[in-house]
Structure formats: C-alpha cells, structure tokens
Amino acid sequence: MAGRVGGSGRSGPGTLDLSEVHRFPNRPVRLPGSLRWDVLALFQGVLDGLGRAARGYGDVASIGIDSWAVDYGLLDADGQLLGNPYHYRDTRTEGVGERVWRTVPAGELYRITGLQYLPFNTVFQLAAASGSAQLAAAKQLLMIPDLLTHWLTGSVGAEATNASTTGLFDARTGDWSHALMGRLGIDRSLFPPIRRPGDAAGTLLPYVAAETGLPESTPVTAVASHDTASAVAAVPATGPGFAYVSCGTWSLAGLELTEPVVTEASRAANFTNELGLDGGYRFLRNVMGLWLLSESLRTWGERGLPAGLGPLMAGAARSRPFAALVDPDDPSFLTPGDMPARIAAYCARTGQRPPADHAATVRCILESLALAHRATLRTAAELSGADIRVVHLVGGGSRNELLCQLTSDATGLPVVAGPAEATALGNILVQARTQGLVGDRSDMRRLVARTQRLRRYEPRGDALAWSGAAARVGLDG
C-alpha cells in the first residue's frame, strides 16, 4: 500500500468529475517483533485533505472513507486506541489457520463465511492475538475505515463490505456470526452493529471542524468501505457477462453474483464471497498483484540502480516472452523484501533460468500476473456457471498498457482498461446516490462508462503459447 489519496468529486446527471486534493504516504513501521500501520499519520493525512478540500471547494456535501480490508484497531474502555494496528503482512499469523481449524474445521468455516483462506484474515489475526494484554483490555474493535470514521464523528459501526472480509461474518445472513465468534472464544461485544453503504455515519466532531474548517454539520456517509468493493461499484460495465480485475498492490479478479458460492469446489479453489454494493457478492480470488513490481522497484532504488518505470516497461515489452514465470501467490512473495532475488530463487528451484536483467524481471512479473488473471477468471466462471465476454481491468494497473494487453492475450478476451481511480469514483458515487444525484448501481456504471477515459485491448497473442506457459507454472485454470 504505497499511499492514500484524498479526492474531491462532483457527480450528477451526466457529470462525474474527480480531482485529487491531497496525496499522502502510507508507510508501514517495523517495530521490534512486529509490523504496524502508522494509523495516526494516516488520520492526520485525512484531516489535511479535508482542510484542503474546504479551502479549495467551499461547500462539502458529504465525506466517505474506504481503505484496505482485514486490519483493525482496538479501543479500550475509555475509547482510546490500544497501540498502532498490526499490518496484515506481519508474520504473527503464520500457522494460526491450523489452530483455528481444530475448533471449526476449514470446510465448515467456509460454508459459514464464504471467505477464501488468507493467513492474515481478521479471524486468524484475532486468534494470533489470543491471550495478549492488548486484546484482553479491548472493549471495541473497528476495521480501519470504521476507525477513521469514528475519529471524525464519534460514532461506531461496521460497514458491511469490509466486515465481510473478516472471516467472522455470515455470508448468507449478511451479519456477524455470533455463534462462530463464541466457538472461537472471540468476545462478540467487541463488534459494533453493521452499517450498509449509503447509511449515515454521523457528522463532524467539533475538533475535526476546527481542524479542517468544515462545518460540524458536514455529513459522513458509510460507503462501500472495502476499497475493492468501491472499485467494483465503479466498473464501467453496461451489460451482463463481465468479469473484473481490480489491480493494484493486489489483483482482485472475479465476478459479481447475486448469491454466494460456498461449495467444497469453491473452497478448494480458494475463492471468496465478499459483499458488494446493494447486497451483491464479489466472487473473487486475491492474486498477489503489482506488489511484486513495486517491491522490485523499491529494492533496485535502494541500491541506487536505475529503476525508472518507463524504460523498464519499454525493455519488458522487448524481452523474450515466457523466458521465466512464477506463481505470484507463492508464499515467498508475501512479505516485504528483495523481490528480484526471491523471483530468481523461485526460478532456480523450479528449473528455470532466472531473468537476465531488470526488464526481463518486469516481463516475468507481468506475464505471470496475466496468467494468474486467466486462471482465476476461468475458474470463477466454471465454479459459478457464468459466461464471461469481457474483462474490466480497473485501478492503478489499468495504466500499465503491457499488463492490460498481456491479460487480454492470456484470457483470449477483450480487456477494457480504466478507470484508474475506480475506488475513489465508487466511493463518491455512493455518496452522490445518497444525496439523490444519481440512480441505482446500473446508472452509476453507465455514468462511469460515459464520463471516464477507457481503453479497449483485443487479444492478439498465440493461444497455444499461453496455454503452454500456464501449464509450466501450474496456472492452467
């Protein structure tokens, strides 16, 4: 998670404008024995962004906060934060899944929550924290966007799309599974009532108004606060038969369904059922996305090596296809570190020659991601019975022309790239709908399609070559 953006948007019939007001870094902090989020710096960034919005735009009709999923803050009986929240890439959850499954078997857990296994899911983080002084002192648990909303308004709530990523949420009832919490020894009183996208979350506290220059009466609206849920809400699909890839640090690839798929086959394929806007389900799988590229760039930059993205992308486009491939979801790629060395080590242990240079490493990453997109979407279609006619690639990855073309080549499907700021647009559209400025979800998407810059890629690769590459790396789909 390289940074967060404060944005201002205007929406109405035929209008959808987005302006970046304030961008601020989001740097995890390594402490003795743990990796944490600097959530206080993030909140100060939010306040600074709101202050700039007040000075630059005057009237602010509504505020909405989205963020990544699974991580949380704990508050004590006085409402004070009990330490900076753990980062989901912290290693404390290694091996915790097996301990949880001894109480609630993996198959049963999946049938209740519909959630794919990721070692950092909130349920496993809480299991790792069991017996700690911090958890014993906690009286309230708030997911990151709910924590920031609480500091703005003083209200507490758990927005549904983010709550659905915890592994403690019933995929069928759309509410917390208190029975599951009880079996796992998790205090259910920690969890606030569920909010839905569009619900009112309160108005600004006096100190926030004084800090930002906004009126205390400024409303804060619960949006689809899981950033992927907001991004999917802004997918510019104008008809059925679409898949999406929300591509950034992670690639969230899947379909939008009306019912969850909680079969054993779906669990074995490690697919998740998270809530989307208006009660839909995001049936998807997390793929380790452009994290591999950003960590490679960081590593090269720290060593003073040339790491300009433009020349690297040009070199990657010229590099030999399929020279080296990896499974992006290999556990060795999860934590921060020397990603090029890890890629080389993966290639060595799988009988491949490691990438010859930086551009070849970038080519390896992008081809491997395209293969993962292909495998994930094909499996999603098979498990759900859906027919995919087009892939919408949104988020920062939509700016990467080579990745978009490779994804089209790998899937054999047209790829519509954009908008890059889909998460911010989805956030703003939910607020605009609450204000009566736009219509239902279909209207929102048509508005995105009409107003945002999109680019279409058609498949042009060798289908047999892609099939052979997929078989090589075990990403057959």
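**Close-up views of a predicted model**

**View 1. Tyr88 and Trp250 pair their rings.** With a relative accessibility of 6%, Tyr88 counts as buried (under 20% relative accessible area with a 1.4 Å probe and protein chains only; exposed is over 50%, and partly exposed lies in between). Trp250 is buried too, at 12%. This is a predicted model, where local features need pLDDT of at least 70 and side-chain atom pairs pLDDT 80 or more, while totals for chains, interfaces and linings use all residues. Residues are numbered from 1 along each chain as its sequence is written, and side-chain values use heavy atoms, leaving out hydrogens and water. Rings of Phe, Tyr and Trp (its six-membered ring) pair if their centres lie within 6.5 Å; planes under 30 degrees apart are stacked, over 60 edge-to-face, and the rest tilted. By this rule there are 14 aromatic pairs. Tyr88 and Trp250 make a tilted one, 6.4 Å centre to centre with 50° between the planes. Tyr88 sits in the loop between strand S5 (72–75) and helix H2 (96–103) and Trp250 in strand S14 (residues 250–257), so the pair ties together parts 162 residues apart in sequence. Helices (H or I, at least four residues) and strands (E, at least two) are DSSP runs numbered from the N terminus. Ring pairs also link Trp37, Trp68, Tyr88, Phe120 and Trp250 into a cluster.

**View 2. Helix H6 is enclosed.** Here 10 of the 10 residues of H6 (residues 144–153) are buried, so this helix is largely enclosed by the rest of the structure. Among them are Asp146, His150 and Trp151. Just after H6, Gly154 takes a positive phi of about 85°.

**View 3. Leu366 in the largest nonpolar core.** A nonpolar core joins buried Ala, Val, Leu, Ile, Met, Phe, Trp, Tyr and Cys residues through side-chain atoms within 4.5 Å. The largest has 115 residues, and Leu152 and Leu366 have the most contacts inside it. Helix H15 (residues 358–384) gives the most to this core, with 12 residues. Beyond four places away in sequence, Leu366 touches (heavy atoms within 4.5 Å) Leu290, Met313, Asn400, Leu402, Leu403 and Leu406.

**View 4. Helices H12 and H14 meet.** The axes of H12 (residues 291–302) and H14 (residues 339–349) come within 7 Å and cross at roughly 120°. Axes are lines fitted to C-alpha atoms over the stretch in contact, and angles run from 0 to 180 degrees between N-to-C directions. The two helices are therefore oblique to each other (under 35 degrees is roughly parallel, over 145 roughly antiparallel, 65 to 115 roughly perpendicular, and the rest oblique).
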